Amino acid sequence: MLQDPLTLYKLIVLYMLNRVTFPLTAAQVSDFILGKEYTNFLTLQQVINELTDAGMIATQSIRNRTHLSITPEGKETLNFFENRIGDTIKQEIDTYFRENEFTLRNEVSVLGDYYKSTSGEYEAHLVAKDRGISLVDITLSVPVEETAAAICDNWQKKNQEIYKYLIKELF
């Protein structure tokens, strides 16, 4: 077993990010690790910050969510030290992804964000991706910030219906 528990937690995060072909949100990683009671919230935040500072994971903030992905440096580190993660932990992670992959992928593949444009309007930028390929990429200009926020929230809830409607109408 590892002498330093932080090292184990870092390897667990790297292992999780390496097992998927899409970024995970910090909340998704936290839900699993805290749910299994491997560590506490503050320690996990320290782990994520240290991995980011070391260049082993990349972070991207998209509307109140931090998306995490493993970097080539993180993959290399994991390759050297993966054997230090217990088989039971690996099995728990693999099982979690088998059971929740669709939900996890959908949460990070459907993005909605808004910003104030140079014209003073608010632009809601809506994207749906599958395996890194944009299926839909729409920008809507609206006069009020609340409307832009509502559009983004509704996109998260209704993206599949909207995508089906667009395909039906356009093909």
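How many bridges join E2 to E3, and in what sense do the two strands run? Six, and the strands run antiparallel. I start with that pair and then go through the rest of the model, which is a predicted one.

First, the overall layout. The protein has six helices and six strands. Read from the N terminus, the order of elements is α-β-α-α-β-β-α-α-β-β-β-α. The C-alpha trace spans about 55 × 35 × 30 Å along its principal axes. Of the 171 residues, 39% are buried. If you take contacts between residues at least 6 apart in sequence, 55% of them join residues at least 24 apart.

Back to the sheet. E2 and E3 belong to an open sheet of three strands, ordered E1-E3-E2, with antiparallel pairing. E1 and E2, the latter covering residues 57-62, are the edge strands, and each of them pairs on one side only. Helix H1 packs on this sheet and touches E1, E2 and E3. The direction of H1 makes about 85° with that of E3. For a specific pair to look at, Ile 62 has Arg 65 in E3 as its bridge partner.

Next, the nonpolar cores. The largest one has 34 residues, and within it Met 16 and Ile 33 touch the most other members. H1, H2, H3, E3 and H5 each give two or more residues to this core. H1 gives the most, namely ten residues. Ile 33 is in contact with Ile 12, Val 13, Met 16, Tyr 38, Thr 39 and Leu 44, leaving aside neighbours within four places in sequence. There is also a second, separate core of eleven residues, and its members include Val 110, Ala 124, Ala 128 and Ala 148.

Thr 39 came up in the list for Ile 33. Thr 39 sits in the loop between H2 and helix H3, residues 41-53. Is Thr 39 buried or exposed? Buried, because its relative accessible area is 15% and the cut-off is under 20%. Not counting residues up to four places away in sequence, Thr 39 touches Tyr 9, Ile 33, Leu 34 and Leu 44.

Two more residues for comparison. Gln 28 lies in helix H2. Its relative accessible area is 3%, so Gln 28 is buried as well. Gln 28 touches Pro 23, Tyr 96, Leu 104, Glu 107 and Val 108, again without residues up to four places away in sequence. Pro 5, in helix H1, is partly exposed, with a relative accessible area of 44%. The C-alpha atoms of Pro 5 and Leu 44 are 11 Å from each other, with the two residues 39 apart along the chain.

Now the kinked helices. H5, residues 87-109, has a kink of about 75° centred on Asn 100. Its buried residues are Ile 89, Lys 90, Ile 93, Asp 94, Tyr 96, Phe 97, Leu 104, Arg 105, Val 108 and Ser 109. Among the elements that cover them are H1, E1, H2, E3, E4 and E5.

What is the other one? H6, residues 145-170, has a kink of about 80° centred on Lys 158. H6 has 26 residues, but its end C-alpha atoms are only 29 Å apart, whereas a straight helix would reach 38 Å at 1.5 Å a residue. The buried residues of H6 are Ala 148, Ala 149, Ile 151, Cys 152, Trp 155 and Asn 159. They pack against H5, E4, E5 and strand E6, residues 133-142.

E4 and E5 are antiparallel and joined by seven bridges. Val 110 has Ala 128 in E5 as its bridge partner, and both residues are among the members of the second core. The hairpin of E4 and E5 has five residues between the strands, and in it Gly 120 takes a positive phi near 95°. E5 then pairs with E6, also in the antiparallel sense, over nine bridges. There, Asp 130 stands opposite Ile 133 in E6.

Terms used
Residues are numbered from 1 along each chain as its sequence is written. This is a predicted model: local features need pLDDT of at least 70, side-chain atom pairs count only at pLDDT 80 or more; totals for chains, interfaces and linings use all residues. Side-chain values use heavy atoms; hydrogens and water are left out. The bend at a residue is the angle between axes fitted to the seven residues ending there and the seven starting there. Helices (H or I, at least four residues) and strands (E, at least two) are DSSP runs, numbered from the N terminus. Buried means under 20% relative accessible area, exposed over 50%, partly exposed in between (1.4 Å probe, protein chains only). Contact means heavy atoms within 4.5 Å. Two strands pair if DSSP finds at least two bridges between them. Axes are lines fitted to C-alpha atoms, for helices over the stretch in contact, and angles run from 0 to 180 degrees between N-to-C directions. A nonpolar core is a set of buried Ala, Val, Leu, Ile, Met, Phe, Trp, Tyr and Cys residues joined through side-chain atoms within 4.5 Å. The expected span of a helix is 1.5 Å times one less than its number of residues.
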